[in-house]
Amino acid sequence: MATEMELPERDQMEYDVVIVGGGPAGLSAAIRLKQIAAEAGTEISVVVVEKGSEVGAHILSGAVIDPIGLDRLVPDWREDPDCPVKTPVTADHFLFLGPAGGIRLPNILMPKLLNNHGNYIISLGNLCRWLAAKAEALGVEIYPGFAAQEVLHNEAGAVIGIATGDMGISRSGEMKEGFARGMALLGKYTLFGEGVRGHLSKRLIAKFGLDKSADHAKFGIGLKELWQVKPERHRKGLVQHSFGWPLDSRTGGGSFLYHFDDNLVAVGFVVHLNYENPTLSPFDEFQQFKTHPMVRETFEGGKRLSYGARAITEGGYQSVPRLTFPGGALIGCSAGFVNVPRIKGSHNAMLSGMLAAEHMAKAIAGGRAHDEVASYEESWRASLIGRDLWKVRNVKPLWSRFGTWLGIPLGAIDMWTNEVLGFSFFGTRKHGKADSASLKPIAEVTPKTYPKPDGVISFDKLSSVFLSGTNHEEDQPVHLQLKDPSVPIAKNLPIYGEPARLYCPAGVYEVVYANEQTRADPRFVINAQNCVHCKTCDIKDPAQNINWVAPEGGGGPTYPNM
Ligand SMILES: Cc1cc2nc3c(=O)[nH]c(=O)nc-3n(C[C@H](O)[C@H](O)[C@H](O)COP(=O)(O)OP(=O)(O)OC[C@H]3O[C@@H](n4cnc5c(N)ncnc54)[C@H](O)[C@@H]3O)c2cc1C
Ligand code: SF4
């Protein structure tokens, strides 16, 4: 039985610090706040909201981690048998692939910055589960299954907390039976650790003009599968990256393949979202990559356990927005701290959470609340994070400008000069344009076609999404909001062939025709229940017409150990 929409008041709870997102950034901030309070003999109350059904359910990463963040946060992690960081990197291979073969580049040529010696292969989701247990043991309240849906402001405009989403609203916007109003979680400060393209972070960046002095934010889409391979195909500790085939030289991206734990292989493919051809399908590029003769044998006789996708921030140093605003701050990939050539962001996510925590704790100790803690913004460039990103700031712009053949060697030379001479010949290059502005009209490109999946090494989208454990309550407002519902068919279809059909890694978007043969009466369909929360549509839509907002808490993928 549906009733008229008359929303009751929200209950509210007050904390010192509210944290949005139980990823490495949010959990590190929470733990660090509690550590500081314990060291000072005071109390800092901290709450974390996480939209996944449990911490880790929405985490998708490679992941080879640089333990620099973990070493600072939990220095004795190596002594904890429950810590899921168990596989040190033992070999580092870098391949250039052509259609029929490839070459392994000698390690001696690789810039030292890319060296994985001392790093570990992990499931980042499992690391987050372990960090969450640590945080709870310190007294942090963690609420999984609750999406932060709205930023709350006081009359002066400062952020004073967030509201979690209402549960039990129907697709048409009416209250259903079992409706539960969201909670207002109020904090002296609120930290936004939503990861890449956070929907509240995006609003805050716009509201406070945080990006007005920053270069364009840049992104890639990363697709990943977890495989259990035959023991004779497993080389525990092997890290392998490739570039080249199946991407053409104007399209940036590459693969990763990490052997870890007991016969597990994490395999993934990143396509930079500044690609130009609207008929490109990142999902199909990934599936094709696995069939390469130098790759497929790893998977023969193995079993695919999981699938998922997530955007990754690629703008680096020059794209980081201002981190602070009255009442809060951005942490982790909500700000964009990924070191792109290293494909590593989790260490900086942790370090930024800790850095923010230190500045917030100081402000709270000084009796402050709801003001701008600018010292966090002022300190990150000189910190480990800034130093990590500064050295590689020109790599992504060089790749984008010069393509694979010239851009990759130039990027490598730039990393060498940064390491050896401490400077770049290129100054600080700009990214050019937003990823949403990079597509060419379909009439100007050669349409791409992909081989049919074999069901053994390569698969289709629907069977893949099934493995992501994605589930949403179907009778809820569509969380992929179109600013103008006419754009997909009136503009995107004739100009670009509606690229959402292809860049979405979960088959959420379709164009269906009343008559498939004559292609009469096209209609844009959104299968929102399939969404794996990668955020690519929010980034890549050429009309910037798709706004991703959090669905009901708990909806989305259920990644086991991604
Ligand atoms: C394919 C791929 C491969 C990668 N490989 C590596 C690698 O090998 N090594 C490495 O170091 N890094 C790697 N990265 C980058 C790394 O994963 C990120 O830098 C890191 O996860 C960022 O941490 P975070 O805490 O900022 O965000 P996330 O890890 O994205 O965590 C954000 C959390 O916040 C939750 N959340 C978001 N919005 C809300 C909301 N409104 N309300 C409640 N909860 C919310 C999400 O569900 C999620 O759990 C990779 C990334 C990708 C996509
Ligand atoms: S709908 Fe958007 S956010 Fe969801 S899976 Fe597709 S591209 Fe990603």
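**Notebook: a sheet and a ligand**

I began with two strands: β5 (residues 91-97) and β15 (residues 238-244) run parallel and are joined by seven bridges. Strands here are DSSP runs of E, at least two residues, numbered from the N terminus, and two of them pair if DSSP finds at least two bridges between them. Phe94 stands opposite His241 in β15.

Ground rules I noted: this is a predicted model, where local features need pLDDT of at least 70 and side-chain atom pairs count only at pLDDT 80 or more, while totals for chains, interfaces and linings use all residues. Residues are numbered from 1 along each chain as written, ligands are numbered from 1 in the order in which they are written, and side-chain values use heavy atoms, without hydrogens and water.

Next I looked up the whole sheet. It is open, with seven strands in the order β6-β5-β15-β16-β17-β14-β18 and mixed pairing. At the edges I found β6 (102-104) and β18, each pairing on one side only.

I picked out one pair: Trp227 has Arg304 in β18 as its bridge partner.

Last, I checked ligand 2. Of the 14 residues around it (a heavy atom within 4 Å), Cys504, Cys531, Cys534, Lys535 and Cys537 come nearest.

Terms used:
Helix = DSSP H or I, 4+ residues; strand = E, 2+ residues; numbered from the N terminus.
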